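Please look over the sequence and the model shown here before reading on.

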Amino acid sequence: MNTEEFVKAFYSEKQSFLKEYLSEKSETEVAQLIKTLNLTNQQSEIMKKILDSSFTDVFYTILLGLDGSASIGGIQEMYDLKDENGNQLSGEIEGYAYEYFQENK
């Protein structure tokens, strides 16, 4: 795995969460709670935007934190990330994270 694939996997997770939570067939607790709100179509669109923005903030911040570009829990340092084959994943995360999470809005 390379750095771009690592970031892209986080982006895919974000998209999967969004799709699952907003699915009519989902049995996740979050999806069930959203259903109890009985939202109108307009409100459902707003909920989608809220979740999408929240997930973007969370995943983007975690990725930047791992790369040393943001703090995690008030601590900012660069982590040495490697995949199971020893391939370096840190150092380029910030650029790919921006591309996937900020430019793909």
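Which element gives the largest share of the lining of the largest pocket? The answer is α3, with four residues. The model is predicted: local features need pLDDT of at least 70, side-chain atom pairs count only at pLDDT 80 or more, and totals for chains, interfaces and linings use all residues. Residues are numbered from 1 along each chain as its sequence is written, and side-chain values use heavy atoms, without hydrogens and water.

**Overall layout**

The chain holds four helices and zero strands, in the order α-α-α-α from the N terminus. Helices (H or I, at least four residues) and strands (E, at least two) are DSSP runs, numbered from the N terminus. Along its principal axes, the C-alpha trace spans about 45 × 30 × 25 Å.

**The largest pocket**

Two or more lining residues come from each of α1 (3-22), α2 (29-36) and α3 (41-66).

The table gives the lining by class (nonpolar: Ala, Val, Leu, Ile, Met, Phe, Trp, Tyr, Cys and Pro; charged: Asp, Glu, Lys and Arg; polar: the others, Gly among them).

| Class | Lining of the largest pocket |
|---|---|
| Nonpolar | six residues |
| Polar | three residues |

**Helices α3 and α4**

The axes (lines fitted to C-alpha atoms over the stretch in contact) of α3 and α4 (residues 93-102) come within 9 Å and cross at roughly 170°. The two helices are therefore roughly antiparallel (angles over 145 degrees, between N-to-C directions that run from 0 to 180). Their contact (heavy atoms within 4.5 Å) includes F59 and Y60 of α3 and Y98 and F101 of α4.

Methods. Parallel < 35°, antiparallel > 145°, perpendicular 65-115°, else oblique.
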